[in-house]
Amino acid sequence: MSGSEAPNHTADLVIVANRLPVDRVVNPDGSIEWRRSPGGLVTALEPVMRANDGAWIGWPGGTDEDLEPFVEDGLSLVPVHLTEAEVEEFYEGFSNATLWPLYHDVVAKPEFHREWFDAYVTVNRRFAERTADVAAENAMVWVHDYQLQLVPAMLRELRPDLRIGFFLHIPFPPAELFQQLPWRRQLLEGLLGADVVGFQRPGAAQNFVRLVRQRVGHKTHRDMVYLPDGRTVQAGSFPISIDVKGLEELAHSEPVQQRAKEIREQLGNPKRVLLGVDRLDYTKGIRARLRAFGELLEEGELDVEDAVFVQVATPSRERVEQYRVLRDDIDRLVGRINGDLGRIGRPAISYLHTSYPREEMAALYRAADIMVVTPLRDGMNLVAKEYVACRYDGEGALVLSEFAGAADELRQAFLVNPYDINGMKASILEAINADPKSLNKRMKAMRKTINEHDVSDWASSFLDVLSETKPMHRKQLRPARRT
Ligand code: ADP
Ligand code: G6P
């Protein structure tokens, strides 16, 4: 598919995120195709973007060529090019080997390198400049995630007319951890370029305001920051959600139901199918979860004839050392558990490295009796919400880490401490043995919660607050269409 060019200075809503919502695929005949990419951010933002004919600025992945803006499947896309060195230093380095581990409770050790930060500044400036080119006068700009924390201030310098929002999809760390960062002040000042700074949880917004007071010295009151030039910045929590109705409809569809049945058959029709779905990331707690399952088999609490664990783990950030180590670790662990505890035609764990279309994801959710989501720390975790959305029959059980943002809302899940393997084993067994009535009650309550707050509510709640920041602004954005 080839696209037409997107015009400059015309977008009333500009989404700025590290990644474009599409992946570039080169066919065997050399033709180029764009495919919608997986990932929480993309899944969440596409509907609001379509509803507002907005533009999306992001990196198309790779370093091949500097692409012109184009329109694909109705979305106006503006690629930002990264060089090979920038992928190493900005993306793999500062974003994913410094900020990612630091913001996730230092689950892995963050690395601090000055040249990585320099690349972060350069790339953030490039994103700010592209945005300044594309945004219409008085437009709303919504900057996303930890890769682009300097963009709000850089963009405000270039285009003071814009309304700028920032949303952090991952946790914001407590002051004790954030303070380790040699560039802590620059990052806080970068974020303060926004009118509204949004987080997944209220505690994160409080961490941010406290740090601004302590480290930058601005006056604050509750969730407001008062800058010396008279401007205010509002911090707040806006827990992200999913397209609940769209996913539920997909789960209801005949092909997906058929496929779910087929998956269970292919697994040998066990009594219980347990499922884990994650990017292969050390924050997701995959290792402890599989160990818990392995021990339950070893101890005879479960039998491979009755229970199988399907673990889908999409490889991610594969050139970053800690991700490589994790992949080897999990490969070894799965091999050991299957080697020790599997039987012919009955592996204990069915381990898949594949990225699937939405239909297959919905079928997997439909096929699973117990969804096991055990991150050591997670901003939200959309997988947990997706599972609940697909369980329209009220069946199924969710085992969920207390340390995922989703645990604030999905209180009726079997909540676990992912560091406590015995506790996880007990909760998995409890979920397996729970009577269907009580499971139904839990699932219904969780479904009610997610139905009350879907992704379009999330987007409009953020954009409503952003619109209110300058009352003279007249342009109104349309809410996302529900599919
Ligand atoms: P993160 O954003 O850290 O990866 P989330 O759970 O919040 O974690 O979001 C992950 C998103 O990626 C979900 O929408 C999920 O459906 C999707 N996803 C995860 N694994 C796969 C896969 N193997 N194939 C397709 N989509 C996937
Ligand atoms: C998380 C982050 C996103 C990121 C996604 C996929 O959801 O919050 O910003 O895009 O993971 O990671 P990747 O490094 O492949 O973009």
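How many Å separate the centres of domain 1 and domain 2, taken over C-alpha atoms?

Guide: The centres of domain 1 and domain 2, taken over C-alpha atoms, are 30 Å apart. You are looking at a predicted model, where local features need pLDDT of at least 70 and side-chain atom pairs count only at pLDDT 80 or more, while totals for chains, interfaces and linings use all residues. Residues are numbered from 1 along each chain as its sequence is written, chains are lettered from A and ligands numbered from 1 in the order in which they are written, and side-chain values use heavy atoms, with hydrogens and water left out.

Domain 1 covers 4-240 + 457-467 and domain 2 covers 244-452; such bounds come from an automatic or database domain assignment. Where they meet, 27 residues of domain 1 are in contact (heavy atoms within 4.5 Å) with 27 residues of domain 2.

Now look inside. The largest nonpolar core has 107 residues. A nonpolar core is a set of buried Ala, Val, Leu, Ile, Met, Phe, Trp, Tyr and Cys residues joined through side-chain atoms within 4.5 Å, and buried means under 20% relative accessible area (1.4 Å probe, protein chains only). At least three residues of this core come from each of domain 1 and domain 2. Phe 172 and Phe 208 have the most contacts inside the core. Leaving aside residues up to four places away in sequence, Phe 172 touches several partners, including Tyr 103, Phe 178, Leu 188 and Phe 208. In general, nonpolar side chains in soluble globular proteins tend to be buried together. A second, separate core of 69 residues includes Val 256, Ala 363, Tyr 365 and Ala 368.

Together with Ala 362 and Arg 366 of H12, Tyr 365 meets Val 383, Glu 386, Tyr 387 and Cys 390 in H13. The axes of H12 (358-367) and H13 (382-390), which are lines fitted to C-alpha atoms over the stretch in contact, come within 9 Å and cross at roughly 70 degrees. H12 is therefore roughly perpendicular to H13, a label for angles of 65 to 115 degrees.

Asn 381 is buried, with a relative accessible area of 6%, and has a positive phi near 90 degrees although it is not glycine.

Technical notes
Buried < 20%, exposed > 50% of the residue type's maximum accessible area, 1.4 Å probe, protein only. Axes fitted to C-alpha atoms, helices over the stretch in contact; angles between N-to-C directions. Helix = DSSP H or I, 4+ residues; strand = E, 2+ residues; numbered from the N terminus. Parallel < 35°, antiparallel > 145°, perpendicular 65-115°, else oblique.
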